[in-house]
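Let us walk through this model step by step. Keep the 3D view open as you read.

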There are 2 protein chains.
Amino acid sequence: MRLAVIGAGAVGTAVVDLAADFGHTVTAFADSQSAVVDPGGIDASAALNAKRTDGVVGDAAPSEALSADYDVLVEATPTTLGDAQPGFGHVQTALERDRHVVLANKGPIAERYAEIRALEAESAGTVRFGATVGGAMPVISTIEDFGPERISAMRGVLNGTANFVLTRMGAEGLDYEHVLAEAQDLGVAEADPSFDVDGTDAALKGVIVANVLDPDGEYTLADAEVEGIEDLPGSMLELAREDGRTIRLIVEFADGQVRVGPRLVPEHAALAPAGTRNAVQLETEHAGQLSVSGRGAGGTETASAVLSDVERIQP
Amino acid sequence: MRLAVIGAGAVGTAVVDLAADFGHTVTAFADSQSAVVDPGGIDASAALNAKRTDGVVGDAAPSEALSADYDVLVEATPTTLGDAQPGFGHVQTALERDRHVVLANKGPIAERYAEIRALEAESAGTVRFGATVGGAMPVISTIEDFGPERISAMRGVLNGTANFVLTRMGAEGLDYEHVLAEAQDLGVAEADPSFDVDGTDAALKGVIVANVLDPDGEYTLADAEVEGIEDLPGSMLELAREDGRTIRLIVEFADGQVRVGPRLVPEHAALAPAGTRNAVQLETEHAGQLSVSGRGAGGTETASAVLSDVERIQP
């Protein structure tokens, strides 16, 4: 398929880099300032190189990528809240042109799910967003395969940064500030880690799962109860450990409510993955509890989820 | 879709029981002695009741189910080795009639994969068999979504009976004979548990995964190196535990070889699930190690996997 990749961060660049491996052609690629468009397929290494050296992907204007020839728009711009712009606008443009859309950007699916589904219903294109929850972990695809109506609840560790911080606090008896600084040095936490440690990122994923499990619920971030880990004293983790337990930032969707917060879990439970790993448990009607774990983020990991979503679209 | 369900064991009866919930109609249902056929949909509770009380599902001959009107043949007869009959013949008949096939029976996929794929290539029908590996755990579907060429190895605990026995031996310091008798009392082990404890069942699942990951390999059970748990002394588990480890019956496919045998694993590792739970790890090219765990067997669980496979077939 021909892909237009919008966004040139870790995920967008990895999609451009891997697309040919998956048998697809990138016909357009844009960051916020520039674009490169070629109906025959862009020169991926030249564009990635230009991005690295000059900070732009090509000579064209970003809008030209949106109006280019493509089958699937890959929306990989940064997640924004509220109106979820400019990602929402990109999705809308593609669907109005009867094109398919695969999102890595959580904003439009978490904040404007009902509108996205309404646009999709009017379009010949379909919308997929498996990469927004748990990177390459098969969370959304497993829910689809089971049928959302046969899954009653989801619980998960869906933020690798927060999980890394909690793992280190628990293992070393260090306090939050110390471990966060270490995580930033290691590149595990961003310079501004607010959305990771205050629970927003996990909540967005919980809202996306809620929208899939309960499509009439029209959940947004505003519906989630969210508590982060910033104020968690190191002593809490020590107390937990003495009891054979630990603390994880758990996102839950059950009984029509999305909740995020630090929770006590058994030390070796499926919901106590170590380091940056993520884990998800689904409560199914006919098959009990199903767990999935893996790397929940990362450019290449998430790009591979995006490309799996592209495969799932019937050409 | 209209289903013909062949086999009236735990899985076949659960498929008949659940089909309507999933929006499908059972038009034929057979055990080895009898069948019930109705193009408008059989009376599921009457057939299941007849099976329980009289040992037969209806008044028709089993062959009538194979020639009935249906879209998908559900092959749920017991797994047989070698020529994999009668399951293989059922699949062949359906494909020659251009019907789809969903298998819960491991035999044809493990022992005659190349022939099944050749029959499928000549047919308008497609073959799916996600239920043969890990029940409702998304193992085969995740491999398909990633693309088999992007997964380099699989390791798993894929036999719940053997895992239950090892879990109990490890936790209680009991020996094999004692725990096996207990498992039989609990209904976790069958009266003849040979295939579970000698590694055959796990090996069949490993061979199926091998055939998916390396379609030109034409693997059969004869290609697997298989060792069971029957001769494992309880003292081995004790020794492992003193070292923070335990023993699990691990099936592995890597470097073109299927291997099954008792292996030392860290006590709380993803590959050391407790009791009858199963677990699978996939080594992916772009997304690191991915783990899935859940109930790997059970009539309802496996039936739900069969019905998910039915959903995946494009009507």
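Chain A can be laid on chain B with an RMSD of 0.0 Å, by a turn of 180 degrees and a shift of 0.0 Å along the axis.

A word on the source. This is a predicted model, in which local features need pLDDT of at least 70 and side-chain atom pairs count only at pLDDT 80 or more, while totals for chains, interfaces and linings use all residues. Residues are numbered from 1 along each chain as its sequence is written, and chains are lettered from A and ligands numbered from 1 in the order in which they are written.

Now look at where the chains meet. In chain A, 27 residues are in contact with 28 residues of chain B; contact means that the C-beta atoms, placed from the backbone, lie within 7 Å. Three elements of chain A give two or more residues to this side: α7 (140–146), β12 (288–295) and α13 (299–312). Helices (H or I, at least four residues) and strands (E, at least two) are DSSP runs, numbered from the N terminus. β12(A) gives the most, with 8 residues. By type, the side of chain A that touches chain B has 9 nonpolar, 14 polar and 4 charged residues. Here Ala, Val, Leu, Ile, Met, Phe, Trp, Tyr, Cys and Pro count as nonpolar, Asp, Glu, Lys and Arg as charged, and the others, Gly among them, as polar.

Which way do the two β12 strands run? They are antiparallel, and 3 bridges join β12(A) to β12(B). Strands pair if DSSP finds at least two bridges between them. In this pairing, A:S291 stands opposite B:S293. Further, 100% of the interface residues of chain A are also interface residues in chain B, so the copies meet through the same surface.

Next, turn to a sheet within chain A. It is open, with 6 strands in the order β3-β2-β1-β4-β5-β6 and mixed pairing. β3 (35–37) and β6 (127–128) of chain A stand at the edges, each with a single partner strand, so one side of each is left without a neighbour in the sheet. β1(A) and β2(A) pair in the parallel sense over 5 bridges. There, A:A4 has A:A28 of β2(A) as its bridge partner.

How values were computed: Two residues are in contact if their C-beta atoms, placed from the backbone, lie within 7 Å. Copies are superposed by least squares on the C-alpha atoms of residues with pLDDT of at least 70 in both.
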